[in-house]
Structure formats: C-alpha cells, structure tokens
Amino acid sequence: MVAANCLVVPFASGQDSANAVESRPGVVPAIQILHTDHGPNSPQALKAHYVVLVSLDGFRWDYAKKYGATHLLALGKSGVWAPEGMYPSFPSLTFPNHYAIATGLYPEHNGLVANSFLDLQRESEGKPDKYSIGDAKAVTDGSWYSGVPLWSLAEKQGMRSACLFWPGSEAEIAGERPSEYLKFDDKVDESARIAQVVAWLKEPANSRPHLITLYYSDVDHAGHEFGPDATETRAAVMKVDTLVGKLRAALKATKLPVDLVIVSDHGMVKIDGPWITLDTFADLDGFETAGALLYGKNEEDRARVYNKLKHASEKFEVYRRKDVPAGLHYNENEREGDPVIVATGPYAIRAHGPAAGKPDSVPVGQHGFDPAKMPEMKASFFAMGPDIVVGKKVAPFGNVNLYPWIAHMLGLDAAKSDGSLNILAGTLRDNGESDGGSKE
Ligand SMILES: [Zn+2]
C-alpha cells in the first residue's frame, strides 16, 4: 500500500447514510477510532469464535524461511501454512488483493482492477471516473466496490467487526461499515496497533468484535525501495515477525478462542531494466490512461493501438480485452481498459513518461505480475487457532478461497464468491462440515 500521508483527523465524508459514524480516541489517544452506530452482537454471534486477520503487505511467500522469521514459522507449525506460498489474484497489487481476500472475488468482480484505474461508464453518468488509492474521496466512496467484504458480511448477520486498516474498510459497502475502523494512517505506532486489537478483545461480550483486521506495510516499502534480497528488507521482515510474536502472545493472554490468520497480498521481484513507455511504440492520442491501463474512446483507436503494440516488444503481451487468457480473470470488466498489456517478465511498464523535470526512477522492487508465471509474486499464508488443525502444510491456493474459509470459522453464511470452502476445508478441525454459528 502506498503511504497516503493521512493525518489523524476525524472522518469527514461518508455520513450521508443510515450508518452514523462518530470519532473517539482509541486505547492510545493518538488513534482515532471511528464508531458506527450498530447494535450489540446477536445471540448467535456471541457464541462464535474470533478471527484476527493480519496482512503483512508485500511479504513474499519465501521470506519467512529465507530470513528466518521464527515467530511466523512457529505459528505455521502450531497450525497451518503454505510453504510454497499462496497465489494472489491478478494483478498482484495491494488494493485488488486485499479486497479479493475480503470478498472472495477476483479483482474484475470486486471492482478494484488495479490500484489506480478509470471507469468511462461512470464518466458518462457524470460521476467521478478515477479511482486511486491515494485519493481519500475515491477510497471512501462505496460505489467503487462490489461484493460483500467480511466485515459487512459479519455486520449483516449481527456480528460486530473492527478494522485496523484494510483496503475498502473506510467505505460503506453492501450497506454496511465495520462497527469500528480507522482512517488509514501508516504513522500509527505499530505496537499500539496490537494494543488496540487487544483492547477490542477486552470489550464486554456484547460489543466485542469477532472479526478484527490488522495491517503492516513495512516489508512492502522495503521491498520496493531496496529489492527483495536487501538487508533492509530482511530487517523489515524481522521487525514484523517480532510484531507477530507479540500479537500471538497478546492474543493468548486474552484466553479467548481466537483464530489468528496471517496473510500477505503479494510478493516482490527485482525490476529488470528501465521503464518501458507504451507511447514510444504507439500514438496514444484519444486514449485516457492510468499506469499501463489504456482506455480507447472508440473501436478504431483500440484496434489501431492493439496492432501497433502487438509486435512492439518481447517484454509485454498485448490483448484485446476479450482475449486476455482466462486464467488471469481479467477480461470482463471495462475498468481493465482495452487493449490490455501483460508484462512477460519483471518489467516496469507505463503508458506515458512523467512530465518534464519530474523524477523518473524505476523502483528497485515491484509486483503486479502474473502469479502463475512468476513465483516471486506468491504471497504468504499462516494460521492457527481453535478452528484450525495443527501441523498441516497446504499447497499453493488462490487467495479468493480465504473468504468462505474465514466466514465458516465465524459461523457466517458467506456471500457468493469466486472461492470455495473445499480448497481449505482440510485445514479445519470440523473439515468445513459443521453449520457454524453454534461453536462454543
Ligand atoms: Zn507494493
């Protein structure tokens, strides 16, 4: 996630609905918690277990072993882990994947097809047409998002939820907001985040959230700036591993039945070569663009640019959107643009170069590539708790399958998704077979 440089300020937008939102200090006064006016946990929710879902942004599947992240490896031994990693959805970017995990929907179904993209249909309806993760107005506007994220699912079924950062958690989606959430501010102290999670779990049972999300960005930042093999990245891995150790101990001390699920959104690869700039191969006049996404105004332009780019470089493939290979799940949503560019290796691709005089450096590390073709894109998965078997390793699986799995642990009826409970059922003590909702 790109640091949005948000200051801690009371939430100003999004109060135009039935969900009244109020800002109060959290366990650490510097943390402002946004409270949604929800009722107590339902009698059924009171009987459910707890899930703490943690994202370690950019924590590549092999970092734990590569750098000796002892707390994560121990956690995997006490529960389940994916030693060969978990497949992010394409594109392997932060917002599309956090929201794929939250909804069980591929990016083209969940609405977030990239970190920044356009929607020409919205433009024609007179609505804002650009989504960008640094744009607080877009990020908090629920009309960009599809599906029923886990926190909305919980709230709809009478279970309280709390998000200490997660893409999408600041918007009202499917008619709901988390009972408690924060405006994204990566400067919030990292140990204080754990203290806040514990404070939520110490609330009286009626108000205590059963689903809690938590987020750390350090490893992604280090990977971009220094690359996956750098000592700085190792240091970031060790830092978040220490936080994981603290979190695990703190959760144990609550004596509550908490399933701890630790994932990442994607991996990281060292970029090869300079920027590849598409407008040096084809005249993009008449196109709107976002990153390497290309939005042609008419069929003639789209066909012209497709033909120009088709044999322009071995470093990318170009497809008419309808022809994008099915395995990428990236051919159904107009937000993907047309034609669609897919890098064939670790290459940094963009439509246009920067304005004159603006910096033009290539990041050392990057992600976003096809996880099926580039193992460096695979993400991490570790989980343990009362619902999870001990000492099981799972083969790589698609991250959309986490949604029905987490819903099951909470006893919630999952909304329709691209994931299946079958994929991870063998990691559950009940094999995914009980009804849920009646766990003691
Ligand atoms: Zn990143």
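## Terms and ground rules

Two strands pair if DSSP finds at least two bridges between them. Strands themselves (E, at least two residues) and helices (H or I, at least four) are DSSP runs, numbered from the N terminus. So who partners whom here? In strand E9, Leu56 has Tyr216 as its bridge partner.

Keep in mind that this is a predicted model: local features need pLDDT of at least 70, side-chain atom pairs count only at pLDDT 80 or more, and totals for chains, interfaces and linings use all residues. Residue numbers start from 1 along each chain as its sequence is written.

## The whole protein

You'll find 13 helices and 20 strands in the protein. Its radius of gyration (taken over C-alpha atoms) is 21 Å, close to the 22 Å that the globule rule (2.2 Å times the number of residues to the power 0.38) gives for 440 residues, so the protein is as compact as a globular protein of that length. Along its principal axes, the C-alpha trace spans about 60 × 50 × 40 Å.

Now for burial. A residue is buried if 20 or more other C-beta atoms lie within 10 Å of its own, exposed if 12 or fewer, and partly exposed in between, with C-beta atoms placed from the backbone. By that count, 50% of the 440 residues are buried.

## Two domains

The protein is divided into domain 1 (3-111 + 146-270 + 375-427) and domain 2 (276-362), with bounds that come from an automatic or database domain assignment. Their centres, taken over C-alpha atoms, are 32 Å apart. Six residues from domain 1 and seven residues from domain 2 make the contact, where contact means C-beta atoms, placed from the backbone, within 7 Å.

Ten strands form an open sheet with mixed pairing, in the order E1-E2-E8-E7-E9-E3-E10-E19-E4-E20. Strand E1 (21-25) and strand E20 (392-393) stand at the edges with a single partner strand each, so one side of each has no neighbour in the sheet.

## Strand E3, well wrapped

Is E3 enclosed or open? Seven of the seven residues of E3 are buried, so this strand is largely enclosed by the rest of the structure. Tyr50, Val52, Val54 and Leu56 are buried on one side, and Val51, Leu53 and Ser55 on the other.

E3 runs parallel to E9, joined by six bridges. E3 also pairs with strand E10 (residues 258-263) in the parallel sense over six bridges. Within E10, Ile262 is the bridge partner of Val54, while Val263 is the partner of Ser55.

## The nonpolar cores

A nonpolar core is a set of buried Ala, Val, Leu, Ile, Met, Phe, Trp, Tyr and Cys residues joined through C-beta atoms within 7 Å. The largest one has 116 residues, and Val52, Ile262, Ile406 and Leu410 have the most contacts inside it. Both domain 1 and domain 2 give residues to this core, so it lies between them. Apart from it lies another core, of five residues, including Met268 and Phe369.

What does Leu410 touch? Leaving aside neighbours within four places in sequence, Leu410 is in contact with Ala48, His49, Val51, Ala154, Met159, His210 and Leu211.

## Helix H10

In helix H10 (residues 218-226), the buried residues are Asp218, Val219, Asp220, Ala222 and Gly223. Their cover includes strand E3 (50-56), strand E9 (211-216), helix H11 (231-254) and strand E18 (365-366). Just after H10, Gly227 takes a positive phi of about 95 degrees.

Terms used: Contact = placed C-beta atoms within 7 Å.
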